[in-house]
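Look at the two chains side by side and find the place where they touch.

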Amino acid sequence: MMPNETHEVLQLHATPHVMNRDAAEVDADEALLDGIQHAAFGYFRQTVNPANGLVADTTRQHWPCSIAVVGFALSVYPAAVERGWLSRDEAVELCLAALRFFRDSDQRGTPDSTGYKGFYYHFLDMQSGRRTWRSELSMIDTALLIAGALTARMYFDGETLQEAELREIADELYRRIDWRWAQHDRETIMQGWKPESGFLHYGWEGYSESIVLYVLALGSPTHAPGARIYEAWSATYQWENLYDVDFLYAGPLFIHQFSHAWIDFRGIQDRFMREKRSDYFENSRRAVVVQREYARRNPLGFAGYDEHCWGLTAGDGPNNAMPRMTGVRRRLLGYTARGVPFGPDDGTLAGWAALASLPFASDVVLSTVRAMLRRYPEMYTDHRYASGFNPGLIDADGKCWVSAGHYGLDQGIVTMMIENHRTQLIWRLMRKCPYVVDGLRRAGFTGGWL
Amino acid sequence: MNLTAIVPQRSASATTIAGDGAESERIDNVHPVDWRNPPPASHYDLVIVGGGTAGLTAAKAAASRGAKTALVERHLLGGTCLNIGCVPSKAILRTSRLYAEMHDADRYGACVPGDVRVDFAAVMQRVRGVRARISRADSARGLTAAGIDVFFGQARFTRTDALEVQGVTLRFGKALIATGARPDTPAIPGLAEAGYLTNENAFDLTRPPGRLLVIGGGPLGCEMAQAFCRLGVQTTIVQRRPLFLPREERDAAQILSDAFARDGIEVRLNTRALNVRVDGGAKIVDLVSDDYHSTVVVDAILTGTGRVPNTAGLDLEAAGVDFDPHRGVHVDNFLRTRNRRIYAAGDVCLGDKFNDTAQASALIVIENALFGGRRRLSELTIPWCTYTDPEIAHVGLYARQARERNIPVKTFTIPMHDADRAIADDEEVGFVKISVKERTDQILGATIVARHAGEMISEITLAIVAGVGLGTLARVIHAYPTQAEAIRKAADAFVRTRVASYRQRRSTAWLSSLRL
């Protein structure tokens, strides 16, 4: 590669909507996105338990609820109302079912309760709402749930009793989270807790999807930790020059997307980003450049990878379903966080992950989405993105390996990011959320819309 | 399997495997059976306690500069490094890598040999041969010829300026404590009764255990787990922390985890061994990860959970030297103890228990103790390397340490898949990361993960010590194709950002002038 090649790539896509496209192309893009978004939203209609508002983690049989997926559900209902896919009353009912359930849930922190200290176990039984899979009390997944609750709180601003109740419960759920307890004996927030063994520590270091967690913690009017918590968390950031791109490094793409589903990071900066003369939105755009460049270089020689086919992120994988592919021994992984450039990478991509970067680099992403769907239509099952596909694992019919069913996280981020690209609805709602504004300010964010 | 069956009996006179020529040569070098301690001089400029890396380095340096020097060793000259550490472990790693390459021959366009059988006895014989050969440089007779009085026996300080060995008093102007460290044993119920390996006896194995549990994910545990796995041993490694090599950066540790899994090592992170019991010759180990309990059944257990300093039996109180069992001998930045006559160097007093650090600290002591020097330990730039495959080497600050010190830091990263030689060698796993103080070319530190990272890190160490900036490294011609070119590519990337920044400033200035 010539020295300036990547710089040119970076420059080429530095300005959104740089290409001139005629009206027909714009309409075609809009139709494509509308179709994908509608289908992705359909996941939540399909898998929600209307009695308690809980939403299944995946479409696979007997799969439990993931509280993070409930957070995504609460966030996409407003978009669905706006687009006429769900009536406002239906949406309020679904939100209220979920919020009432969590409000009234067993918070004793016993092995089969629902939560503790305002946090909730990661996986819950779809019917009873009790802990399942011996899962951990999850701080990040609770944050995603509460981000959804606050999104609904901001959208449903009507004067009806139901909408007033919705806002009240969302507020109550947020206020009762004891973020300080979750610090345990550290400056940062612990990643989990189990009644059987206490706090868990997974050793996460560096940039992660947790900005939204820290912003919500810092915005709490009841249990906010000290502002030092954000500095302590961001102390392990790594500002790297990789493939001639300067960015806040994180390998998997979802890290550059999840907090962005709720928070509009355009033009606002914390201390770190001020120092780097960048912002998190721009950073996520650069992450796209790095992903594309990795796929173009394709150091491990995987089938399908190129600048129009990428998307390494957390998702399902073949899990040693086929120990040999194309004559080369590879270790195939199941559900794991794949990343660039240091892996793990087993040749499995996530089409939805490329699409979820739409707001950051729309032209690049749209061309990628089209190319990937054209080449591997089998990854788009029942009109939705599968969690992962592996172009190097081909079956007797010539189709590549595709993850079974669908995952709620994938459909949620797709629905939200398309909405943010099209109308910025969720961003606009959360820009007005006083807790988020306070949290951002306490974390040291300034500038832009803030 | 009973450990005593696979760890041979040692001869009574010294630590050696009976009847082994290489071992006999080594012992003849590092503790001759017929050795007679010399008559002591009336006064020594320097008495050194401990004949490991630090002690040998200090003794040779002091003697070569004319100081009357005595060296006291209670066991084997060469210490951990030669006898039970770096030397044998690197020898066994080399052979294990060869076996891994034989199994992977098709990656290199070669045929996988039809019958790859591990000849464990031959592996260990080679280890002993390597050890014997390197021991020649540390021989007692060689030291004597260099003018050093070598005493074997346990040293005990009797006064602030004297110590005793084998009933003989050695009076000193200055003394150096360099007694090293020994394996720390994890407090796991039943472990001692079941028997376990450490680096002190693992290299004496004559046949491999069928199933091995390695406890500890530090450098030693990682190296040994990979080596034994590649020699055909079914290996499990448990590590209490979420990642291996906790001080290294996340990507390095992750790459190592992936490499282990590829090799077939069963990796158990966030896991503790609760207890050990023996049943039918097998060792049954109960493990727990958070609240998930499991059991592994193995033939041998190897512990690699750190090292503790050797301070026992020295009567340091009599010498007025402060110490504790965890930190070892307390020293100041000049490596001086509370007794201003007595210094310490190497593993007995340093947090970084590396061979190279022991050497460097010993030379500081010689300078400060004998020649009025004021050299400080904190001035050392210490690289280190874990010799797994890929190797993981580091020097200087980590990015997180720089940020903790409010130093703005930027890291230039070159994946090894961008180095032509790494591609040609099919050794693309890893990276070069060089961190600089932002908006300068001052190198703060570097991490290299590569097949030969230990060799490559020296260039960065040199640059840091000599004050050479990353921009200058871009002007250094690196032989093509070499894996070290990845370092130059990082430097090139740095230069490109500077050029881009300069162009941007020029452009901004030009636009401003237009507005005027």
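Between the chains, 29 residues of chain A are in contact with 31 residues of chain B, where contact means that the C-beta atoms of two residues, placed from the backbone, lie within 7 Å. On the side of chain A that touches chain B, the largest share, four residues, comes from strand β8 (residues 239-242) of chain A. That side has ten nonpolar, nine polar and ten charged residues. Here Ala, Val, Leu, Ile, Met, Phe, Trp, Tyr, Cys and Pro count as nonpolar, Asp, Glu, Lys and Arg as charged, and the others, Gly among them, as polar.

The model is predicted: local features need pLDDT of at least 70 and side-chain atom pairs count only at pLDDT 80 or more, while totals for chains, interfaces and linings use all residues. Residues are numbered from 1 along each chain as its sequence is written, and chains are lettered from A and ligands numbered from 1 in the order in which they are written.

Strand β8 of chain A also pairs with strand β21 (residues 409-415) of chain B, in the parallel sense and over three bridges; two strands pair if DSSP finds at least two bridges between them. Within this pairing, A:E240 has B:T411 as its bridge partner.

Chain B contains 17 helices and 23 strands. These are DSSP runs, numbered from the N terminus: helices are H or I with at least four residues, strands E with at least two. The C-alpha trace of chain B spans about 90 × 60 × 45 Å along its principal axes. Of its 516 residues, 49% count as buried, that is, 20 or more other C-beta atoms lie within 10 Å of the residue's own, with C-beta atoms placed from the backbone.

An automatic or database assignment supplies the domain bounds. For chain B it gives domain 1 (35-77 + 139-183 + 308-379), domain 2 (191-305) and domain 3 (390-508). The C-alpha centres of domain 2 and domain 3 of chain B lie 33 Å apart. Eight residues of domain 2 of chain B are in contact with nine of domain 3 of chain B.

What lies inside? The largest nonpolar core has 239 residues, and those with the most contacts inside it are A:C95 and B:I301. A nonpolar core is a set of buried Ala, Val, Leu, Ile, Met, Phe, Trp, Tyr and Cys residues joined through C-beta atoms within 7 Å. Domain 2 and domain 3 of chain B each supply at least three residues to this core. Apart from it lies another core of 61 residues, including B:A70 and B:L377.

Note on methods. A residue is buried if 20 or more other C-beta atoms lie within 10 Å of its own, exposed if 12 or fewer, and partly exposed in between; C-beta atoms are placed from the backbone.
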